[in-house]
Amino acid sequence: KLIIQPLVENAVIHGLEKKIGPGLIILEALKLDNNLIIRVFDDGVGMSEPWQKSKKKESNSVGLSNVHRRLELLYGESSGITVESTPGKGTTVTVIIPWISQEWK
């Protein structure tokens with residue numbers, strides 16, 4: 001919940017609240033190779049400036065930066081988030097987490 005919630009909240013606040021008309025958020029989770037991939041897509045206003053892992057204090061990137069740092073601390077540098085955005089068309093945030101297989105006992 002501390003990974004997905006901030007991403008959905010960002011999509012609502014920064015993507016859809018500023019959009020005129022209805023909006024859409026899609027959550028997707030899948031196993032790809034040895035990773036868990038989680039995607040949060042919104043068809044909101046998009047970002048005019050790309051998100052960078054190094055941004056720390058800007059209000060629209062604090063949630064993304066916190067999630068990225070938390071993932072790197074928990075799962076190493078092969079994990080984290082990427083952001084693809086087009087102004088006026090929306091944003092997709094992709095989370096990559098190594099797949100850790102556990103047998104249920």
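**Close-up views of a predicted model**

View 1. Ile 100 sits in the segment after S4. The model shown here and in the views below is predicted. With a relative accessibility of 58%, Ile 100 counts as exposed. Together with Leu 74 and Tyr 75, Ile 100 makes a nonpolar surface patch of about 310 Å².

View 2. Four strands form an open sheet in the order S1-S2-S4-S3, and the pairing is antiparallel. The edges are taken by strand S1 (25–32) and strand S3 (80–86); each has a single partner strand, so one side of each has no neighbour in the sheet. On average, neighbouring strands of this sheet are turned by 15° against each other, direction ignored. In general, the strands of a sheet pair through backbone hydrogen bonds, in either a parallel or an antiparallel way.

**View 3. Pairing of S1 with S2, and the loop between them.** S1 and strand S2 (residues 35–42) are antiparallel and pair over 8 bridges. Within this pairing, Lys 31 stands opposite Leu 36 in S2. The loop between S1 and S2 contains Asp 33. The phi of Asp 33 is positive, near 55°, in a residue other than glycine. As a general rule, most residues other than glycine have a negative phi. Asp 33 has 66% relative accessibility and therefore counts as exposed, the cut-off being over 50%.

**View 4. Pairings made by S4.** S2 and S4 run antiparallel and are joined by 8 bridges. Val 40 stands opposite Val 93 in S4. S3 and S4 also run antiparallel, joined by 7 bridges. Here Thr 82 has Thr 94 in S4 as its bridge partner. The hairpin of S3 and S4 has 3 residues between the strands, and Gly 88 in this hairpin takes a positive phi near 80°.

**View 5. The salt bridge of Asp 43 and Lys 19.** The count of salt bridges comes to 2. In one of them, Asp 43 pairs with Lys 19, and the closest N and O atoms are 3.1 Å apart. This pair links distant parts of the chain, 24 residues apart: Asp 43 is in the loop between S2 and H2, and Lys 19 is in the loop between H1 and S1. Lys 19 counts as partly exposed, with a relative accessibility of 24%.

**View 6. The salt bridge of Arg 39 and Glu 28.** A salt bridge also joins the side chains of Arg 39 and Glu 28, at 2.8 Å from N to O. Arg 39 belongs to strand S2 and Glu 28 to strand S1, so the pair ties together parts that are 11 residues apart in sequence. Arg 39 is partly exposed at 29% relative accessibility, and Glu 28 is partly exposed at 36%. Side chains of opposite charge can pair when their charged atoms come close.

Technical notes: Residues are numbered from 1 along each chain as its sequence is written. This is a predicted model: local features need pLDDT of at least 70, side-chain atom pairs count only at pLDDT 80 or more; totals for chains, interfaces and linings use all residues. Side-chain values use heavy atoms; hydrogens and water are left out. Two strands pair if DSSP finds at least two bridges between them. Helices (H or I, at least four residues) and strands (E, at least two) are DSSP runs, numbered from the N terminus. Axes are lines fitted to C-alpha atoms, for helices over the stretch in contact, and angles run from 0 to 180 degrees between N-to-C directions. A salt bridge is a side-chain nitrogen of Lys or Arg within 4 Å of a carboxyl oxygen of Asp or Glu. Buried means under 20% relative accessible area, exposed over 50%, partly exposed in between (1.4 Å probe, protein chains only). Patches are made of residues with over 30% relative accessible area and no salt bridge: like charges are joined within 9 Å, nonpolar side chains (Val, Leu, Ile, Met, Phe, Trp, Tyr) within 5 Å. Accessible areas come from the Shrake-Rupley method with a 1.4 Å probe; for residues, only the protein chains shown count as cover.
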